[in-house]
Amino acid sequence: MTEPVPQRPDYAVPAALPPSRDEPPAGPSDDGLWGGRGRTSLKVGAWVAAALLALPVVVPLLAPSPTGAASPEAAVEQLLNGVADLDPVAIVGAIDPDETDDPARAEAAYDRLSGGLLRLGEVPSLDVTAVLLAAEAQLGGDVDTSAVATLAALDLDLDGLRTTPGEETPLGTRVHVEAGDLAVRVDPERLPGDVAGIGRASYTMPLAEGWLAGGVPLERPSLVAVEHDGRWYVSLEASADDLLGSAG
Amino acid sequence: MALWALAAVAWVVAVSVPWFRAGVPASTSPLAVGELVRTGVLGVPPVAGYLVLVLPASALVLLGIAPLRGPGALALRVVLWLVGAGVGLTLVFVLGRVSAFAVGWGAALVVVATVLGAVALAFSTVRPAAVR
């Protein structure tokens, strides 16, 4: 006699089933971009790439270039080129830090210079004058969007700038501007809508001639540079005192 | 990952080039302004020069966390992208109000970086297929 074989349910073997596509892999895997070593490399690589990209931005801020210039003549040229390039960073960097730290002081000195220095000879057209007044409004701290937009219509070119080696004075080192032409061009197509009626215009200003200082013809226009911590800067106050006489 | 890298490059380059193509700021970049502020001028505290890092910092952290998965990483990614996009697009909007003509390369790069970040953000919400 044979004993009866006990009846057992016929379960499917789970291991034989294919893995569900919805289930994550059981553990770290060394294959593929998102598993194991590949993923670790990716994480490290991402931070290394971020650090390398940060360098060109962080380094200039940690060790900023010094302001000013290496010589009195270079300081004057940096200021005039900054004006021609409409580059506020170059302009501020070329002016005496004692004056830029106190905007009211710099503004008073600029007002003395702009009020006491007059141009002889060719008078710029009204169109150029209107745009230059917008530029001056910004220099006076009276910034508005219209003035900024108006300046976008202005192209300045400074050609042939030449200065003489500095000459010692009690106020600082006087640097004469021997030559240089500042060409001003207005492109009306760039003007904002609220500045109507200005046409295409241009004007060339010879920097070395045609000046009146306090009503007296100025033979050799100049600016005064001063030294701070081994660097040279243009002093608006000393320049105004030198050209127009002491304010006090 | 590649999209985040491109967005980070665009955001970093954006602070290194002028944001105007004409007018007073056409010759200078936000980074140059930050560098000048760091030297201590105009009575501005030198530490304010680091403000220029807001945009690139958010972009670079986004690049660094690009390989990370999970809800925490996704939330951080969304917040950082919103900060970068918010600051960048606000500045571009302000410049655009001054003069549409004046808006230059820096502003264009910010817009490109924001769009790249948005696409990368959308991809980062897609769960990758299981490895096997």
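Q: Which residue of S4(A) is the bridge partner of Glu168(A)?
A: The bridge partner of Glu168(A) in S4(A) is Thr173(A), and please keep in mind that we are looking at a predicted model.

Q: How many bridges join S3(A) to S4(A), and in which sense do they run?
A: Strand S3 of chain A, residues 167–169, is joined to S4(A) by three bridges, and the two run antiparallel. S3(A) and S4(A) form a hairpin, with two residues between them.

Q: And S2(A), how does that strand pair with S4(A)?
A: Strand S2 of chain A (residues 154–163) pairs with strand S4 of chain A (residues 172–186) in the antiparallel sense, over eight bridges. Within that pairing, Leu158(A) has Leu182(A) of S4(A) as its bridge partner.

Q: What about S8(A), how many bridges join that one to S4(A)?
A: Four bridges join S4(A) to strand S8 of chain A, which covers residues 222–228, and here too the strands run antiparallel. One position to look at is His176(A), which stands opposite Ser222(A) in S8(A).

Q: Which residue of S7(A) is the bridge partner of Leu212(A)?
A: That is Pro217(A), and the pairing of S7(A) with strand S6 of chain A (residues 211–213) is antiparallel, over three bridges.

Q: Zooming out, how many helices and strands are there in chain A?
A: Chain A has eight helices and nine strands. Of its 248 residues, 30% count as buried, and among the contacts with a separation of 6 or more, 62% come from residues 24 or more positions apart.

Q: Over to chain B: at what angle do H1(B) and H3(B) pack?
A: Helix H1 (residues 2–14) and helix H3 (residues 54–64) of chain B pack at about 165 degrees, with their axes 9 Å apart. Angles over 145 degrees count as roughly antiparallel, so H1(B) is roughly antiparallel to H3(B). The crossing in which H1(B) passes H3(B) is left-handed.

Q: Which residues make that contact, and are they polar or nonpolar?
A: From H1(B) the contact residues include Trp4(B), Ala8(B) and Trp11(B), and from H3(B) they include Leu55(B), Ala59(B) and Leu63(B). By class, the residues of this contact divide into 13 nonpolar, no polar and no charged.

Note on methods
Residues numbered from 1 in each chain as written. Chains lettered and ligands numbered in written order. Predicted model: local features only at pLDDT ≥ 70, side-chain atom pairs only at ≥ 80, totals over all residues. Pairing = 2+ DSSP bridges. Buried ≥ 20, exposed ≤ 12 C-beta atoms within 10 Å, placed from the backbone. Contact = placed C-beta atoms within 7 Å. Axes fitted to C-alpha atoms, helices over the stretch in contact; angles between N-to-C directions. Parallel < 35°, antiparallel > 145°, perpendicular 65-115°, else oblique. Left-handed = near helix turned anticlockwise from the far one by under 90°. Nonpolar A, V, L, I, M, F, W, Y, C, P; charged D, E, K, R; others polar.
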